[in-house]
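Dear colleague,

Please find below the structure we discussed handing over. A short account of the findings follows it.

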Amino acid sequence: MDSQLTGLIKSAAFNLGADLVGIANIERFANAPLEMSPQGLLPQARTVIVCAVHHPDGCIEIGGREHPQKMGPYAVQGLMNTHLDHISYEMSRVVEDLGYLAIPIAASNIWRYRNYKGLDAVFAPDMSHIYAAVAAGLTELGYHGISMSPEFGPRNRFVSIVTTAPLDATPLQPGNTLCDHCNQCVKHCLSGALSEEVDGTVDLVIEDR
């Protein structure tokens, strides 16, 4: 892998406005279903670049208080997605200018309302940014299924760039350090999603974690 190239890529992402940048090697997606994996999009992919921006705290504190579907200032995420899409597009240009292939994945990925590529799931994105952020060492998954970073907790939004560039992988988070299963997310979920829809838990295995 190329440390100098990795430094150039990360610097470019930060200069474009990313708050967090991580790299996942393709081996970390070994357990992902091919139809929803980076290697399913680009078979020769070697790494995935994941960029995050911090969701403004005030918007989350106020949004959804009256009703879970009344977003109010939480709707700023639309602007955040546009910003992330700009980052991913410009990053793909940087990577290709350096001589490698790159596929920018939209920040708010395409959710399919019918079965896709033989998948049983009715909601099947090309690739999950939430899981990619874990594989890139930026986050851990909480009980609520949200990707949590040490810097911002669950208040992040992500975008990913699949590439053939040989970049150094960011170390994974230790695991089970950012969520203590306090169940406050269950107690305070206004839509009842966690209390009415969750049935057990699933382990996500990446490398030796």
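This is a predicted model: local features need pLDDT of at least 70, side-chain atom pairs count only at pLDDT 80 or more; totals for chains, interfaces and linings use all residues.

Another salt bridge links the side chains of Glu 90 and Arg 93, at 3.9 Å from N to O. Both residues lie in helix H4 (residues 77–97), three residues apart, which is about one turn of the helix. Arg 93 has a relative accessibility of 44% and counts as partly exposed.

Asp 208 and Arg 209 also meet through their side chains, at 3.5 Å from N to O. Here Asp 208 is exposed, at 65% relative accessibility, while Arg 209 is partly exposed, at 44%.

Turning to strand E6 (residues 156–163), eight of its eight residues are buried. In a regular strand, side chains alternate between the two faces of the sheet. Both faces of E6 are covered: one side carries Asn 156, Phe 158, Ser 160 and Val 162, the other Arg 157, Val 159, Ile 161 and Thr 163.

E6 runs antiparallel to strand E2 (residues 47–54), to which eight bridges join it; Ile 49 has Ile 161 as its bridge partner in E6. Strand E3 (residues 102–105) is also antiparallel to E6, through four bridges, with Ile 103 partnered by Val 162.

With kind regards

Definitions and conventions
Residues are numbered from 1 along each chain as its sequence is written. Side-chain values use heavy atoms; hydrogens and water are left out. Buried means under 20% relative accessible area, exposed over 50%, partly exposed in between (1.4 Å probe, protein chains only). Helices (H or I, at least four residues) and strands (E, at least two) are DSSP runs, numbered from the N terminus. Two strands pair if DSSP finds at least two bridges between them. A salt bridge is a side-chain nitrogen of Lys or Arg within 4 Å of a carboxyl oxygen of Asp or Glu.
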